[in-house]
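Have the structure open as you read.

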Amino acid sequence: MFSYFDVLSVQILFSSFILMANKRIKSYIKTFRIQSLLIALTAGAMGFSLEKGRIDLLVVCLLIIVLKVILIPNMLEKTYASVEYIVEKDFILNIPILVILSCALVVFSYFSVSTIEGINSGIINAQIVNSMSVILIGLFFMISRKKAIGQIVGFLVVENGLYVTALFSTHGLPFIVDLGVFIDVLTAVVIMGFMVFNISEKFDSIDIEKLNKLRG
Amino acid sequence: MQYAAYVLIQLLVIIMLAPLLDGIIRKIKAFSQKRTGIPLLQVYYDLLKLLRKTSVVSEESTWVYKIAPYIVFSTSIAAALLVPVTTKIMPGTLPGDIILLISILGLGRFFTMLAALDTASMFGGMGSSREAMVSILIEPSVLVSLFMVGLISKSTSLPQIMQAMKGIGAPLTYPVFVMIFLAFLIIIIAESSRIPVDDPSTHLELTMVHEAMMLEYSGRHLAIMELGAMIKQLVLITLLVNILIPHDQLIAVTGIGALVVSIFIYVAKVITVTIIIAIAEVCTVKLRFFSIPNLATLSFILLFLGFLQYFILGGSNV
């Protein structure tokens, strides 16, 4: 009965692998859109399928679509268009190695989750491992990218992973918590977009390696 | 007698259907570019015309060049006979079918590469070296995907695998099979030299892979080579649809009526997958050659995640 949640959680995990294999900033943003759409689908499906029929989860689904599928990616694209950007190698290792290291992260999160007591049920276990791996892969994505916009996308993926973990482990957070989280994310993206703009004005580039020169 | 009739029907279905898929893909591509495109059956006419022409053979070439088209064609046919297309009846009842299937396809590819090297033309050498690289990159995914299905159904024989898959019900509702489906789509695209990996519609470009190996062939030899490649593509699509989307008539065959129904369902499934491949071809551009490892990694990762979901996490025990 819950197997479509399994399929969705695996798809979310795989979308973060695709993000890891991307090369261009435009495709980071596109992949983030797809991942958020999958999360919205998960929330919506959960709202419909749970016994009580939670209406607030449907509202959350709409909110995710408005915020994370439309608003935040558009904002990122606007930031990207306003900074001057030269296409060059953006990542520290080559892509197959990054993807294989992300595989190792999935295995790691499996071992770390399996030691937690209390979630012995097999179904919940697989979903939680997948969404924990999304968090770790998001962090790894932030490390592996040099450009500032890539790091914003990494932050957003971490946030996505946290949200999905909460969704799968509790089957729907209280509505007020959801709202708080969304407003936090929106504020963070606005501030970070502004900072990217400032970095690009000061250093003529959004490569964060150049910030090291401030040490003097 | 009945047995031989089934074999013949299966063979006929495969040979007649294979060029149609190319026609469909070209039609969809033309439609996406707002062209009318060539007629759907043009591929058949081209093949027939090529078959009637004599082939020009270079004086410098050896017997490998002349024998290669026949080997490519016969390996494709042998592979087609190993895969149950419409009924449970499988002509070559040998153990270890999956491994045999992969190695037969590998033999065909090996002779294509040899023949391209044989004429010592520059394009042929480049084409075969690239083909070798692509096949090395994609072979692990083919093996792992088929073995994973084999592990789940506890058999390497294709009819038994299909039986087990039918027992599961609708395999595509489970994460592991969704992952195998997506990975196999990438495999089909790479093996039949479709667009993200290789552009089938280019001639005399530095980026071509499969066309570069065919460049020296003409007339009858070319027709046989191309038909062999199309049949190979159809065999892979057949594997995908018959393993992951099994239908009832595939397993229990009772008489002519079921056979006809089975053929119709089979053709419908194959055309659906072809349309998916065509859409993927329309939506993507050809990758830089050194980005192909990334694509191969993605297909391998899909399989890895599927394996993890099924065997280690045991999310939904089938």
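Predicted model: local features only at pLDDT ≥ 70, side-chain atom pairs only at ≥ 80, totals over all residues.

## A helix to start with

How many residues of α7(B) are buried? The count is 15 of 17, so call this helix mostly covered, given that a residue is buried when 20 or more other C-beta atoms lie within 10 Å of its own. Just past the end of α7(B), Ser193(B) takes a positive phi of about 45 degrees.

## The nonpolar core

Next, the inside. The largest nonpolar core has 143 residues, and those touching the most other members are Ala43(A), Met179(B), Ile180(B), Ile187(B), Leu234(B), Leu240(B) and Leu305(B). Helix α9 of chain B (residues 219–244) gives this core its largest share, 17 residues. In soluble globular proteins, nonpolar side chains tend to be buried together.

Take Leu240(B) as one to click on. Ignoring neighbours within four places in sequence, Leu240(B) is in contact with Phe184(B), Ile188(B) and Val273(B).

## Two helices crossing

Two packed helices are described by the angle between their axes and the distance between the axes. Here is how that looks for a pair in chain B.

| Helix of chain B | Residues | Residues making the contact |
|---|---|---|
| α5(B) | 122–153 | Val149(B), Gly150(B), Ser153(B) |
| α6(B) | 158–168 | Gln160(B), Ile161(B), Ala164(B), Met165(B) |

The α5(B) and α6(B) helices pack at about 65 degrees, with axes 9 Å apart, and their crossing is left-handed. Sorted by type, the residues of this contact are four nonpolar, three polar and no charged.

## Where the chains meet

What about chain A against chain B? There, 20 residues of chain A are in contact with 20 residues of chain B. On the chain A side, the elements that give two or more residues are α1 (3–21), α4 (95–114) and α5 (122–144). Of these, α1(A) brings the largest share, with nine residues. By type, the chain A side divides into 16 nonpolar, three polar and one charged.

## One more residue in chain A

Finally, look at Leu179(A), in helix α7 of chain A (residues 175–203). Is Leu179(A) buried or partly exposed? Leu179(A) is partly exposed, because 15 other C-beta atoms lie within 10 Å. Leu179(A) and Ser131(A) are 48 residues apart in sequence, and their C-alpha atoms are 20 Å apart in space.

Notes. Residues numbered from 1 in each chain as written. Chains lettered and ligands numbered in written order. Contact = placed C-beta atoms within 7 Å. Helix = DSSP H or I, 4+ residues; strand = E, 2+ residues; numbered from the N terminus. Nonpolar A, V, L, I, M, F, W, Y, C, P; charged D, E, K, R; others polar. Buried ≥ 20, exposed ≤ 12 C-beta atoms within 10 Å, placed from the backbone. Core = buried A, V, L, I, M, F, W, Y, C linked by C-beta atoms within 7 Å. Axes fitted to C-alpha atoms, helices over the stretch in contact; angles between N-to-C directions. Left-handed = near helix turned anticlockwise from the far one by under 90°.
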